[in-house]
Amino acid sequence: MSSLTRRTFLSGPALGALALHADPAAAAAPAAGRETPGIYRYKIGTFELTALYDGIWYRPITDTFIRNAPYAEIEHALADAFMPAGKLATPFTTLIVNTGKKLVLLDTGTGGQIASSAGVLRDNLAAAGIDPRAVDLIVISHFHPDHINGIKDKDNGLVFPNAEIMVPAAEWAFWMDDANMNAADSPLKLTFRNQRRVFADLAKQVVRFEPEAEVAPGILTLPAPGHTPGHTVFAVQSGDQSLMVLSDTAQHPAVFARHPDWQAAFDIDGDAAVATRKRLFDRAAADRMLVTGYHFPFPACGHLIKTASGYEHVPVEWQPTL
Ligand SMILES: [Zn+2]
């Protein structure tokens, strides 16, 4: 087969043949003008999981974003991943686990309070046929706003009014400590203030779990410190199947799995974040585990393979049946 040049692609015989067969009636169909729901359902043993897309933020970054690599390398990595110059693609995917007895939500999305291109979780819940009032339990991986803001709407009302809320004890201890807030620089102070906005009037009802707690039958919490002090990942197990929920062990894998040594400005302890990332990614790659990451491209689940310089994320194939 001859090579496809721009000229043959745009004006070659193939396009001419297409034009001959074009059906003018089909061209009159109105464009839908809106995206389809972002929902993906899969099973782990008898558990039914629903990945729910909350949208994406193209996070502007500067030369201070990665502490331990030259900005030129970051720019190359973004270009290699087909991201816009100076912007890190940051998609958000939350996960509902229906254990058969409990409906469990792992992290809650942005609540529409971070970027105008994110905040569609509630639309996707509705499209998935899930009533927010039916959610029994919310489990939080860590206290960054893109994970906790969906607990409340903009008017401070609970989005999931019947859900118990469980958070990592180490996360609560670090972020709710006023001495830590007072010692933080001003951008980080905003994070501390946001946590108080979300949690202050919920303090009595929020349950704090210790590392390796089983927050619901089949959902185990595992400490993964670095990104934040209490950052937590989850092992979801049913029958002989399991899923590792990596939370923010790495943000977009096209940048941070490929460059596992990079320490982002938002990692509270960069060295620990890198050590945790490598420990969990090595295990996932060696054991060929199914994984999902909160900032992986939707539907956010797949596998990790080890490469010469890092890791590569291989997305799942979309299954039309459960
Ligand atoms: Zn995050």
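Biologist: Is His144 buried or exposed?
Modeller: This is a predicted model, and His144 sits in the loop between strand 5 (137–139) and helix 5. A residue counts as buried when its relative accessible area is under 20%. His144 has a relative accessibility of 9%, so it counts as buried.

Biologist: Which residue makes a polar contact with the side chain of His144?
Modeller: Leaving out residues up to four places away in sequence, His144 touches Trp175, Thr191, His227, Thr228 and Phe266. A polar contact of 3.0 Å joins the side chain of His144 to that of His227.

Biologist: How far apart in space are Pro30 and His144?
Modeller: Pro30 belongs to the loop between helix 2 (13–21) and strand 1 (39–44). Pro30 is exposed, with a relative accessible area of 77%. In sequence, 114 residues separate Pro30 and His144, and from C-alpha to C-alpha they are 41 Å apart.

Biologist: Which residues are the protein donors of the zinc ion?
Modeller: In sequence the donor residues follow the spacing D-H-x100-D-x46-H. The donor atoms lie 2.1 to 2.2 Å from the zinc ion, and they belong to Asp146, His147, Asp248 and His295.

Biologist: How many residues apart are Asp146 and Asp248?
Modeller: Asp146 and Asp248 are both buried. Asp146 is in helix 5 (residues 145–148), while Asp248 is in the loop between strand 11 and helix 9. The pair links distant parts of the chain, 102 residues apart.

Biologist: What is the geometry of the zinc site?
Modeller: Four donors count as tetrahedral if all angles lie between 85 and 135 degrees. Here the angles among the four donor atoms run from 89 to 172°, and the site is irregular.

Biologist: What distance separates the end C-alpha atoms of helix 10?
Modeller: Helix 10 covers residues 270–286, which is 17 residues. At 1.5 Å a residue, it should span 24 Å. The model agrees, because the end C-alpha atoms are 24 Å apart.

Biologist: What arc around the axis do the buried residues of helix 10 cover?
Modeller: The buried residues of helix 10 include Gly270, Ala273, Val274, Arg277, Leu280 and Phe281.

Biologist: Which exposed residues are on the face of helix 10 turned away from its buried side?
Modeller: The buried residues of helix 10 are covered by elements including strand 10 (232–238), helix 9 (253–256) and strand 13 (301–306). The face turned away from the buried side carries the exposed residues Asp271 and Ala286.

Biologist: Which backbone nitrogen does a side-chain oxygen of Asp185 reach at the start of helix 8?
Modeller: Helix 8 (residues 186–199) has 14 residues and reaches 20 Å from its first C-alpha to its last. At its start, a side-chain oxygen of Asp185 comes to within 3.1 Å of the backbone nitrogen of Leu188.

Biologist: Which residue is joined to Pro299 by a cis peptide bond?
Modeller: Pro299 is found in the loop between strand 12 and strand 13. Omega is about 10° for the cis peptide bond, and the residue joined to Pro299 is Phe298.

Technical notes: Residues numbered from 1 in each chain as written. Predicted model: local features only at pLDDT ≥ 70, side-chain atom pairs only at ≥ 80, totals over all residues. Heavy atoms only, no water. Helix = DSSP H or I, 4+ residues; strand = E, 2+ residues; numbered from the N terminus. Expected span 1.5 Å × (residues − 1). Buried < 20%, exposed > 50% of the residue type's maximum accessible area, 1.4 Å probe, protein only. Contact = heavy atoms within 4.5 Å. Donors = N, O, S within 2.8 Å, 3.2 Å for Na, K, Ca; no water. Tetrahedral: all angles 85-135°; square planar, octahedral: opposite > 155°, others 65-115°. Polar contact = N/O pair within 3.5 Å; in protein donor to acceptor, adjacent residues only side chain to side chain.
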